[in-house]
Each structure stands twice: as C-alpha cells, then as structure tokens.
Amino acid sequence: MTQQFAIGVDLGGTTVKTALIDAHGSIVAQSKLPTRAQENPAAVLEQIVHSINDVMLKAPGKKIAGIGVAAAGIIQNPGGIVKSPPNFKGWDVVPLGTELEKKFNVRVEVDNDANVAAVAEAKFGAGTAYPNFLFIIWGTGVGGGVIMNGKIYQGPYGGAGEVGHISIDYKGLPCNCGGTGCIEAYIGQRYLSKRTIERITSTAGSKIVEYAGGDPTNIEPIHISRAAEAGDPLAKEVLTEAGTLLGVALAGVMNTLDFRVTIIGGGVSAVGDFVYDAIQASTVKNVQKPLREGIRIIRAKLGNDAGVLGAAGMVL
Ligand SMILES: [Zn+2]
C-alpha cells in the first residue's frame, strides 16, 4: 500500500503553520508564514496557498489525500465557510474550503480550532484508544469538541461541543456570550486570574504574586499553578475549585452523551495532577450512579502541533 500523506494548515491570527503529515502523524515537512490578517481575506488566502506550495516543494512526489484547515471563528460546512474570525480584518464570510479545493483539486476540510485539536487527539494523541470522548481546550476560554464513533461531531449547524457555555449557575457570573453562569466565566484564563486576585488579602508572602513578578495584576494561571506546586494554599484552593466547577459541567455532558472519557488540552491544562483529581471527583459525584464506573479525565498529549496534526487528520 502506498503511504498516504495529508496537509494540515493551522490558520492563526499572526502565523499560518502548515505541515505535510504521514498516516502515523509524523511531520514530514513544515512551513511558517505571517498570516497578513490585517490586510484582507485575499492576502490571507495567498499566504495559505504559498505555505501549502512551500511544504509540497520541501517533500516532493508525495501523494496528498487532501488538505485540512484549523481556523478560528464560526465554520459552516459543507464548503468550509469561515465567518468573522476574530482579529482578521475585512473578513466577513469566506468560503475557504471551496477556494482551496479550486486551487489544489483535492479534498479540503475546514473546522474550528477546538474540533481540530479533538481530531488530533483522537487520531494521534491521548484519544487513540477511545472512540467516544469529550475534548476540552482550557485556555483563554473553554472550548470543546465531541468525538463520536471516532469522528468529530459537528452538529447539524456546526456549533456542537461548546462546553464552555454550559451554565453551572443560573444566578451566576455574566459571560461574554451573553449568558449567565457559563463555566468559562469561572475558569477561563482571564476569569481565573481575576478571581484569584480578588481573593489575595495580602501580597506579602503570596507565592502567586511572587511568581507574577510582584504585580498582582500580572497574575496568570501559570503563576497560580507554580504557586500551588510550591505549597501556596490559596493557589491550591483556587485551582481545586476550578477543577470542581469544571467537573459539574463535564458531568452534564457525560449524562447527556453517555460518555466516560474527557481529554483536556489548552494552556491551562498543564496544571498539577491535583486539579485533574478534583475534576475527576467532581465529575463522578455529579453524574448519575450507573455512569460513574470508568469516568476518566486525561491530559491531552499533543501540544502546539495539535492544530496541523488535527487538520491533516481530518482528511487522512
Ligand atoms: Zn457563555
């Protein structure tokens, strides 16, 4: 059997990362170009095309199964229509998938970052043994992707997996989406930092403040995480609570989908094992009894390459 290859494009606001990937998820060739998002959609498309040609030149003679693209914003399929990605100038509605299909005459799939990262874990990462799992991207916000029967479940309107906007309290904190009590409004990076700052009674002796360079307004989850590892009680308390709250939202999904496994990636997912224990305990506590057996909360395996790997994984 001839070896299959695919191209994965990770379209970020500043960089277009493109890679040629083999069927085992190894990167054969790659390219990084500025996105030119501050110009117009035509300029961005030109950069994508350029980067794809780049990797094909670096690894000539490879049979390409297709091209996958990870993009921000709302993606409508079929057609890979990318709507209003944040930080892209003049970009309203662009049929990116169709445009690339015309240019390269191969199958093209476009999906949002969280769904693509979920596919990456399913094909090449922590999810290879699980045909059904929920993927969470815990970073600035809380995103998600549903892997069902080994495939991403996009939903009839492309909006499935928005776990971050599950409400855990109808009288709770306001969320950017307009909702109330969304889990993202408690544990998304910015909110988590803000909640921590509010609870610091004295900056003197606080390891969190120390790791943030002495300025509480600079506190980020990484500082809280480091402080927790160094034994700071408030840091431990805040992160344990975040894990417990996340578990409440996850239990809702487990109850709905009859799933057992959640894989967590994203910037904040590097927190210590005690946070995973808190998520696990809270999920188990909040699902119906018959679903408790086998509940597992797992760390994602793929880091920065999840975008290109998952994008290529969509067409491999
Ligand atoms: Zn929300």
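**Pro78 and its loop**

I started at Pro78, which sits in the loop between strand E5 (74–76) and strand E6 (81–83). Helices here are DSSP runs of H or I with at least four residues, strands are E runs of at least two, and both are numbered from the N terminus. The bond joining Asn77 and Pro78 is a cis peptide, with omega about 0 degrees. I noted that most peptide bonds are trans, and that most residues other than glycine have a negative phi.

**Ground rules I kept in mind**

This is a predicted model, where local features need pLDDT of at least 70, side-chain atom pairs count only at pLDDT 80 or more, and totals for chains, interfaces and linings use all residues. Residues are numbered from 1 along each chain as its sequence is written, and side-chain values use heavy atoms, with hydrogens and water left out.

**Positive phi**

Next I looked up two asparagines. Asn87 has a positive phi of about 70 degrees although it isn't a glycine. I found Asn87 in the loop between E6 and strand E7 (93–95), exposed at a relative accessible area of 62%. My cut-offs are buried under 20% relative accessible area, exposed over 50% and partly exposed in between, with a 1.4 Å probe and protein chains only.

Asn149, also not a glycine, has a positive phi of about 50 degrees. Its loop runs between strand E10 (142–148) and E11, and Asn149 is exposed, with a relative accessible area of 62%.

**Cys175**

Is Cys175 buried or exposed? Cys175 counts as buried, at 8% relative accessibility, and lies in the loop between E11 and helix H4 (184–187). Leaving out residues up to four places away in sequence, I see Cys175 touching His165, Cys182 and Ala185; contact means heavy atoms within 4.5 Å. I also checked Cys175 against Gly68: they are 107 residues apart in sequence and 31 Å apart in space, C-alpha to C-alpha.

**H7**

In helix H7 (residues 221–229), I listed Pro221, His223, Ile224, Ser225, Ala227 and Ala228 as buried. The buried residues of H7 pack against helix H5 (189–199), helix H6 (207–211), H8 and H9. After H7 comes Gly231, with a positive phi near 95 degrees.

**H9**

Helix H9 (residues 273–286) has 14 residues and reaches 20 Å from first C-alpha to last, close to the 20 Å expected at 1.5 Å a residue. That expected span is 1.5 Å times one less than the number of residues.

Which residues of H9 are buried? They are Val275, Tyr276, Ala278, Ile279, Ser282 and Thr283. Seen down the axis of H9, these fall within an arc of 155 degrees, so they line one face of the helix; the arc is taken over directions from the helix axis to the C-beta atoms. On the other side of H9, Asp273, Asp277 and Lys285 are exposed. The buried residues of H9 pack against strand E9 (133–138), helix H8 (233–257), strand E12 (261–265) and strand E13 (296–299).
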